[in-house]
Amino acid sequence: MNDAASPAVGAPPVETVVEIVGTARGPNMIFQKDVPVPVGDGLVLRANVFRPEGEGRFPVVMAHGLYGKDVHFADGFAPQWERLAALHPDLFTTGTSGRFLRWETVDPEVWVPDGFVVVQVDSRGSGKSPGYLDPRSPREIQDYHDAIEWAGKQPWSNGKVGLIGISYYAFTQWAVAALQPPHLAAIVPWEGFLDYYRDAYRHGGIFSDGFTSAWWPRQVLVNQHGNGETRYRDRDTGLPNTGPALSPAMLESNRTDYVGEFLRHPLFDEWYRERAPDPSRITVPVLSAGNWGGPGLHLRGNIDGFLGAASEQKWLSVHDGTHFESFYLPEYVALQKRFFDRFLKGEANGFDDEPRVKLSIRSPHGSVRRGETEFPLARTRWTALHLDAASRLMRPEPPAKEGAVSYEARGEGVDFSTPPMESDTEITGFVSARLWIASSTTDMDIFAVLRAFGPDGSEVIFDGAHERTPVSRGWLRASHRRLDPMRSRPYRPVHAHDRIETLEPGRSYAVDIEIWPTSLMLPKGYRLVLTLMGHDFEYPGLPGRMRHDHPQDRGRPEFSGTCTILTGGTQASTLLLPIIPD
């Protein structure tokens, strides 16, 4: 049995394998393995297709990416799998065996019984799909467009394709939706960046290499098509999930120099522009889900995608906790299905009446979900706190005198604290700082960290998308201080990153720092602290993944000088907070 499209020229000689699979939740499903998916330049990608048994046309839920359609979640990401199983031990005992679960994509056993076709595609140059490996490139996004159109025309498809997935599978949704494939009907980008430069790889102009340099070999090259040394095995066949082995020389010539490209492009140039989706071209319904604990990768893009999309039907959900955990929790899966039931099946299920914005309001004691109508919240009281170098406090009133405090760039920085809160205080929305600075060198990297402390001096630390996190973070390289006047708002600076403007040592400059959005109910007696330093902030014993320490970017002497923060008078440094009234 093989009702897939005929292979195009150049397709590898792999036959589609068909299996009838029983599911714990009811009807059987048909599993088609290594289905050929032809794309526009004649290449053939390979996909796994899971669909309800029997005749019928069903909506398609698709993911297209490079983590391996045949790499089991537990094989590729064992620590995350173990944590997910430990946190939610009943997840794989009621309704699913977990046999087909793949990293950051939906579980077919959970979705197919509810009348969806699940399609998971190995992107070009990964897994069993041949070709040149160039993640998130225009060619890869065009392939995604072609795969959507292929799926929308299959005899088992009702012509409506929805996209869903985390991180990599979220960014590519933003990008392909901007191409407006005709059969695309809705998207659910879950914790995935939008702006290739600002959201992920050049925070404030500083190269974010900690995740990138590790991600490339550990999660991408291990799954490159033709990698005979891969540790992954297809559990269905026992064979490598990467297809026939290629020589090391062929593998190297068949992929981009990923980390090198970022080092060669320090400014927002044409290379970044062709990888930056225009959200105003997105017109399909959108359910965008971000993570307050995701500064550096998994928050900013979900908010900007929601705000920028031209879709009339769009929703924003911001949660907390780990990014892989929330995606699979029953309450969030139910939300995802209701959204697709409405926009892929056409059911009148009341989803249109859902609050357009749902936020997890964090506190030191947990979080609560709350519906809103917009973001940022219209009732926000934008409140400026003045930094005082003498007292190291932040207050609404300016300090009595001008002052300055200095720190070594490679040292522990300086803290500015509010007095203890006089009442419970909610901070939800965009945060920014205007600082007057000086440097002993021609540049200065500023790492701004927003933190919270209890009356006993203990710090409030949150479970984040990838690691334990403070309230929020922001970054800026002072030579990138020029703002984009078209995109900046009074409460949110957006930098142009189109030129280098070095500093004159010892001279003072005003710089605006975007601190990523956050939400926190700070109880009475708690303090908010702004830590300013010249390197990545990390908790003792908890090394961070969002590091910025590549020697070619940060190893120069201008980032090892003495940094100075000036306060008061004509050089007032302030922190702008979004205070939400009761």
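Which residues does Leu 194 touch, not counting residues up to four places away in sequence? The sections below begin with the chain as a whole and then return to this residue.

## The chain as a whole

The structure is a predicted model, and its protein chain contains 14 helices and 26 strands. The radius of gyration of the chain is 25 Å, close to the 25 Å that the globule rule gives for 582 residues, so the chain is as compact as a globular protein of that length. Along its principal axes, the C-alpha trace spans about 80 × 55 × 40 Å.

Of the 582 residues, 63% count as buried, and the accessible surface of the chain comes to about 21,200 Å², of which carbon and sulfur atoms hold 52%. When contacts between residues at least 6 apart in sequence are considered, 75% of them join residues at least 24 apart. The chain carries 61 positive and 74 negative side chains, and the centres of these two sets lie 2 Å apart.

## Leu 194 and its contacts

Leu 194 is found in the loop between strand 7 (184-190) and helix 6. Leaving aside residues up to four places away in sequence, Leu 194 touches Phe 171, Trp 174, Asp 199, Pro 277, Pro 279, Gly 301, Asp 304 and Gly 305. Its relative accessibility is 6%, and because buried means under 20%, Leu 194 counts as buried. The C-alpha atoms of Leu 194 and Arg 275 are separated by 9.4 Å, although the two residues are 81 residues apart along the chain.

## Ile 437 in strand 18

Ile 437 belongs to strand 18, which runs over residues 425-439, and with a relative accessibility of 0% Ile 437 counts as buried. Not counting residues up to four places away in sequence, the residues that Ile 437 touches include Met 444, Ile 446, Ala 478, Tyr 509, Val 511 and Leu 566. One of these contacts, Ala 478, is 41 residues from Ile 437 in sequence, while the C-alpha atoms of the pair are 8.9 Å apart in space.

## The buried side of helix 7

Helix 7 covers residues 209-220, and its buried residues are Asp 209, Phe 211, Thr 212, Trp 215, Trp 216, Gln 219 and Val 220. These residues cover an arc of only 160° around the axis, which puts them on the same side of helix 7.

## Backbone features to look for

Most residues other than glycine have a negative phi, and most peptide bonds are trans.

Asp 34, which lies in strand 2 (residues 26-38), has a positive phi of about 60° although it is not a glycine, and Asp 34 is buried, with a relative accessible area of 6%. His 497, also not a glycine, has a positive phi of about 55°; His 497 lies in the loop between strand 22 (472-477) and strand 23 (509-522), and is buried with a relative accessible area of 3%. The peptide bond from Phe 375 to Pro 376 is cis, with omega near -5°, and Pro 376 is placed in the loop between strand 13 (366-372) and strand 14 (381-388).

Technical notes
Residues numbered from 1 in each chain as written. Predicted model: local features only at pLDDT ≥ 70, side-chain atom pairs only at ≥ 80, totals over all residues. Heavy atoms only, no water. Helix = DSSP H or I, 4+ residues; strand = E, 2+ residues; numbered from the N terminus. Rg over C-alpha atoms; globule rule 2.2 N^0.38 Å. Buried < 20%, exposed > 50% of the residue type's maximum accessible area, 1.4 Å probe, protein only. Contact = heavy atoms within 4.5 Å. Areas by Shrake-Rupley, 256 points an atom, 1.4 Å probe, with all protein chains shown as cover. Lys, Arg positive; Asp, Glu negative; His and termini not counted. Charge placed at Lys NZ, Arg CZ, Asp CG, Glu CD. Arc of directions from axis to C-beta.
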